[in-house]
Amino acid sequence: MTSSPPPAQPPLSADLPRTDLTRHRRLREQGSLDRADLDAILDAGFVCHLGVVVDGRPLVVPTVYGRDERWLYLHGSVASRSLAGDLPVCVTVTHVDGLVLARSVFEHGVNYRSAVIHGVPREVTDPDEKLVGLRTLTEHATPGQWSYARRPNRKELAATTLLALSLEEASVKIRTGAPDDGDGPDAELGVWAGTLPLTSTWGAPVPDPVLPPDIPVPEHIARREGARQG
Ligand SMILES: Cc1cc2nc3c(=O)[nH]c(=O)nc-3n(C[C@H](O)[C@H](O)[C@H](O)COP(=O)(O)OP(=O)(O)OC[C@H]3O[C@@H](n4cnc5c(N)ncnc54)[C@H](O)[C@@H]3O)c2cc1C
């Protein structure tokens with residue numbers, strides 16, 4: 001079954017909407033309504049957690065994603081129950097930037113950037129849009145790979161479900177900086193307090209052991225060694 005791509009949509013608002021689903025109820029000071037923060041969090045990662053209720057039970061699966069200005073794309077096997085489409089989902093992207101070690105255990109925390117997207121994804125069945133979505137997904141994780149590796153053939157496309165989730169209804173939280181108990185009574189305890197930063201970097205490419213030795217690492221992969229991820 002194929003369907004036409006959705007009609008052209010107006011651009012998304014620069015501010016994230018406050019809806020019943022996205023309104024922060026706790027730790028509100030960590031919330032951001034700036035869509036640019038959402039974009040930056042999505043661009044800094046490529047793995048999300050997709051939450052969906054399947055057969056009456058919650059199921060949260062890690063999965064890769066890609067995005068354009070309006071849609072978050074998710075893909076997988078046509079047999080995936082989490083990719084049924086037309087069901088409400090919640091997608092979370094999390095970057096951990098460090099531990100926040102306070103004087104009291106109660107005040108311990110995490111420095112982070114996280115995004116939550118709510119919506120009902122549509123299954124992309126239009127062949128042209130499906131290829132565009134899969135390219136977006138591939139290029140999001142590994143820029144340059146779509147034009148380097150073999151692209152999906154008809155059989156592979158038929159075995160792949162592609163979902164598009166609108167980026168309209170989304171929320172962001174960001175925590176940075178020192179522990180919160182530096183000016184409270186626990187400051188007198190003489191306990192060390194501060195942050196322990198956490199970063200991820202890409203390692204050196206490891207060739208497949210069966211790869212002929214005359215095939216070089218392509219530039220778009222080699223250049224990522226040592227680059228920060230997240
Ligand atoms: C790595 C990490 C570790 C955390 N550890 C803890 C912890 O141990 N204890 C704890 O209480 N909290 C923790 N948080 C914060 C947690 O994610 C929630 O924001 C917080 O607990 C409030 O939850 P709630 O159920 O009251 O959400 P509510 O405020 O009721 O959520 C309402 C809406 O706000 C939005 N929202 C909520 N949380 C987030 C978020 N993190 N990012 C983007 N949008 C969000 C969603 O759209 C949600 O539907 C952690 C966050 C991260 C990223």
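This is a predicted model: local features need pLDDT of at least 70, side-chain atom pairs count only at pLDDT 80 or more; totals for chains, interfaces and linings use all residues.
Reader: Ok, which residues come nearest to the ligand?
Author: Arg 25, Arg 26, Ser 114, Ser 171 and Lys 173, out of 16 residues around the ligand. A residue is near if its C-beta atom, placed from the backbone, lies within 6 Å of the molecule or strand in question.

Reader: And which strand gives the most to that shell?
Author: That's β6, with five residues. β5 (89–101), β6 (109–119) and β9 (170–175) each supply at least two.

Reader: Switching topic: how many residues does the largest nonpolar core have?
Author: The largest nonpolar core has 29 residues, and Leu 72, Tyr 73, Leu 74, Ala 115, Ile 117 and Leu 165 have the most contacts inside it. Such a core is a set of buried Ala, Val, Leu, Ile, Met, Phe, Trp, Tyr and Cys residues joined through C-beta atoms within 7 Å. Buried means 20 or more other C-beta atoms within 10 Å of a residue's own, exposed means 12 or fewer, and partly exposed is in between, with C-beta atoms placed from the backbone.

Reader: What does Tyr 73 touch?
Author: Leaving out residues up to four places away in sequence, Tyr 73 touches, among others, Tyr 65, Gly 133, Leu 137 and Leu 162. Contact here means C-beta atoms, placed from the backbone, within 7 Å.

Reader: Which residues of α2 are buried?
Author: Lys 130, Gly 133, Leu 134, Leu 137, Thr 138 and His 140. Seen down the axis of α2, they fall within an arc of 160°, so they line one face of the helix; the arc is that of the directions from the helix axis to the C-beta atoms.

Reader: What covers them?
Author: The cover includes β3 (57–67), β4, α3 (154–158) and β8.

Reader: Last one: is Ala 36 buried or exposed?
Author: Ala 36, found in helix α1, counts as exposed because it has 11 C-beta neighbours inside 10 Å.

Key: Residues are numbered from 1 along each chain as its sequence is written. Helices (H or I, at least four residues) and strands (E, at least two) are DSSP runs, numbered from the N terminus. Two residues are in contact if their C-beta atoms, placed from the backbone, lie within 7 Å.
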